[in-house]
Amino acid sequence: MSVKLGVPSKGRLMDKTFDWFEKHGIRLSRTGSDREYSGAVEGIEGVSLVLLSAGEIPRELAAGRIHLGVTGTDLVQEKLPRWEQQVEEIAPLGFGQADLILAVPGCWVDVDTLDDLDAAAAGFRARHGFRLRIATKYHRLVRDFLTDAGVADYQLVDRQGATEGTVKNETAEAIADITSTGETLRANHLKILGDGLVLRSQATLWRSRVAECDATEKAALKALLKRVDG
Amino acid sequence: MPRRARILARAAQLRAYFEEVGARPVETPVLQPAETLLDLYGEDIRGRAYMTSDALRGELMLRPDFTVPVVQMHMAHGADPARYTYSGEVFRRQEHDPDRDNEYIQVGYEVFDRTDPAAADAEVFTLIAGTLSGLHLRASTGDIGILMAAVAGLETTEARKSALMRHIWRPRRFRALLDRYSGRAPMPATRTALLAAADPMAEAGPQIGLRSRADIEARIEALRFDVAAPKISEREMTALEILLAVRETLPFALERLRDVAVDLPQITPALDRLEARIGALAARGVEVETLEFEASYGRTSMEYYDGFVFGFYAATRADLPPVATGGRYDALTRALGDGTEIPAVGGVLRPGVMLTLEEAAR
């Protein structure tokens, strides 16, 4: 069998991943029609390409169904408990930079820190009768972050996309989301809390600590790791 | 006998014992309405409990403990005094440590009795201790009520006291608040700028979201009021620090705390209760001279307790969870009682951990 390398199946993340491997003399490409998730690897022996959605890659690594995978730090840490024991970071790829941040409406001139957020949440609950809603898809990371900071009287509401719009639509009072430039936040009249950086993320090559390797796979993996290291 | 059957057999024995000494056995549903627990404990509980839902009843939680449903049951139609026992599974979501059980059997004993709180504390502690003899456990005790009394009586604004009270169970935020109220930590630059601004709303941009302009202005008003208020004194701060660090055997702890009460006289009634409890424990044959007391005990993990707290641990097995824990939760009965309340104290045992220790000893 061959070493399985999981790569995001579409968009900029896929293209940039392909570019990154190309720089290391490994040519990845999609084969067949656009809808068919199969790929080819040239320039190295014994490695096969598995195209997956970036969100599935952490779980596939943790299950040992792929040996290597490219996905964001944010997704690995959100989806894998004790992630350090399940995957090893091989190399940050230098793109896909994004910060998971907490943002509140710009009009909240009284809220710039987590301490303010906590006080605002207490006041909000007293006035409105329910806990201040924070829209996010990163439940575990955000909850751990807020627990650690000692913020109370909030609730997380699930939002898988277009999180920035929730405040205007009054389905949430604040958000926790990935941002790279902050452009979308500003366009939606939101501001980042001064100490509201939950996680700094970028596209990263991971190795599964649990995927089994036979002798051939071991050799191919070693060759690949040596190549991307140089 | 398979392990689970042995745990269930031990749980049945424990429950039968509590029945013998006068407790009424009760059952509670495994599925609990999530809203009650979320309102009490906030979002943190989602990280510790399994959630599920259906279209009719909304969000539900797999029972993370028995205390809340037992209190609800008692407040709805129990006559006091009452003593209850129960045995059954509780479910704890584990997101960090795969070695911790996510489902285990708990046996509990709860007392709702107005007559003599010190005696009730001692009753629960000694009954539970009695079932654990032979396991060579270390007992820890504490009393969240002393810290609460200290906060309630600080010479400062009501707003500060209620903010501190709200964070009694979050030691880091509590500490940060104290540091700011006492002037030990500087005010964040953003806040200084906000309060110095002639029109704080000048740069606000469009008003969006449910938190209204009135909400924001009310908070700014509260901040202005806070800045104008005198700092919490060094005398009170030092006394609080000494209080939080008290960790002695019971009689010495009481002595230390009596010293603290010179500067924080508001804790005297709580200390009188502690003294009465020591007496009640001694009367039941507990060796109070060697029993540990930690003023900060239970502050991170036992958030509904507001008085006496205790736990039993295997000293040599730091990998194991406590074998038994418990405490007083008068405030919980107030929160769930719809205008009524009753002094309540209880504790839970983990027969599975008891068996593990017995097997290891063999």
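## Basis of the model

Residues are numbered from 1 along each chain as its sequence is written, and chains are lettered from A and ligands numbered from 1 in the order in which they are written. Because the model is predicted, local features need pLDDT of at least 70 and side-chain atom pairs count only at pLDDT 80 or more, while totals for chains, interfaces and linings use all residues.

## Chain A in outline

Chain A has eight helices and twelve strands. Helices (H or I, at least four residues) and strands (E, at least two) are DSSP runs, numbered from the N terminus. The C-alpha trace of chain A spans about 65 × 35 × 30 Å along its principal axes.

Of the 230 residues of chain A, 45% count as buried. A residue is buried if 20 or more other C-beta atoms lie within 10 Å of its own, exposed if 12 or fewer, and partly exposed in between, with C-beta atoms placed from the backbone. Among the contacts in chain A with a separation of 6 or more, 68% are between residues 24 or more positions apart. Two residues are in contact if their C-beta atoms, placed from the backbone, lie within 7 Å.

## The domains of chain A

Chain A is divided into domain 1 (3–96 + 203–229) and domain 2 (98–201); such bounds come from an automatic or database domain assignment. The centres of the two domains, taken over C-alpha atoms, are separated by 32 Å. Their contact takes six residues from domain 1 of chain A and eight residues from domain 2 of chain A.

On the side of domain 1 of chain A that touches domain 2 of chain A, helix α3 (residues 73–79) of chain A gives the most, with four residues. The residues of this side divide into no nonpolar, four polar and two charged. In this classification Ala, Val, Leu, Ile, Met, Phe, Trp, Tyr, Cys and Pro count as nonpolar, Asp, Glu, Lys and Arg as charged, and the others, Gly among them, as polar.

In chain A, strand β8 (residues 132–136) and strand β9 (residues 154–158) pair in the parallel sense over five bridges; two strands pair if DSSP finds at least two bridges between them. A:R133 has A:Q155 in β9(A) as its bridge partner. From β8(A) the chain crosses through helix α6 (residues 139–149) of chain A to β9(A), forming a right-handed β-α-β crossover. Right-handed means that, with the strands pointing away from the viewer, the path from the first strand over the helix to the second runs clockwise.

A:D153 lies in the loop between α6 and β9 of chain A. Phi of A:D153 is near 60°, a positive value in a residue other than glycine, and A:D153 counts as buried because it has 21 C-beta neighbours inside 10 Å. A:R82, in the loop between α3 and α4 (83–86) of chain A, also has a positive phi, of about 45°, although it is not a glycine. A:R82 is exposed, because 11 other C-beta atoms lie within 10 Å.

Chain B is divided into domain 1 (1–134 + 342–362) and domain 2 (156–203 + 211–233). The C-alpha centres of these domains lie 39 Å apart.

The contact between the chains takes 32 residues from chain B and 35 residues from chain A. On the side of chain B that touches chain A, α7 (171–181), α8 (189–196) and α9 (213–228) of chain B each supply at least two residues, and α9(B) gives the most, with six residues. By class, this side has 13 nonpolar, eight polar and eleven charged residues.

## Nonpolar cores

A nonpolar core is a set of buried Ala, Val, Leu, Ile, Met, Phe, Trp, Tyr and Cys residues joined through C-beta atoms within 7 Å. The largest has 85 residues, of which B:I146, B:L243, B:L257 and B:I267 touch the most other members. Helix α4 (residues 117–131) of chain B provides the largest share of this core, seven residues. Another core, of 39 residues, lies apart from it and includes A:W108, A:V111, A:A121 and A:Y138.

## Local features of chain B

B:I7 is found in helix α1 (residues 3–20) of chain B, and B:I7 counts as buried because it has 20 C-beta neighbours inside 10 Å. B:I7 and B:P351 are 344 residues apart in sequence and 5.9 Å apart in space, C-alpha to C-alpha.

A cis peptide bond, with omega about 0°, joins B:D80 and B:P81. B:P81 is placed in the loop between α3 and β5 of chain B.
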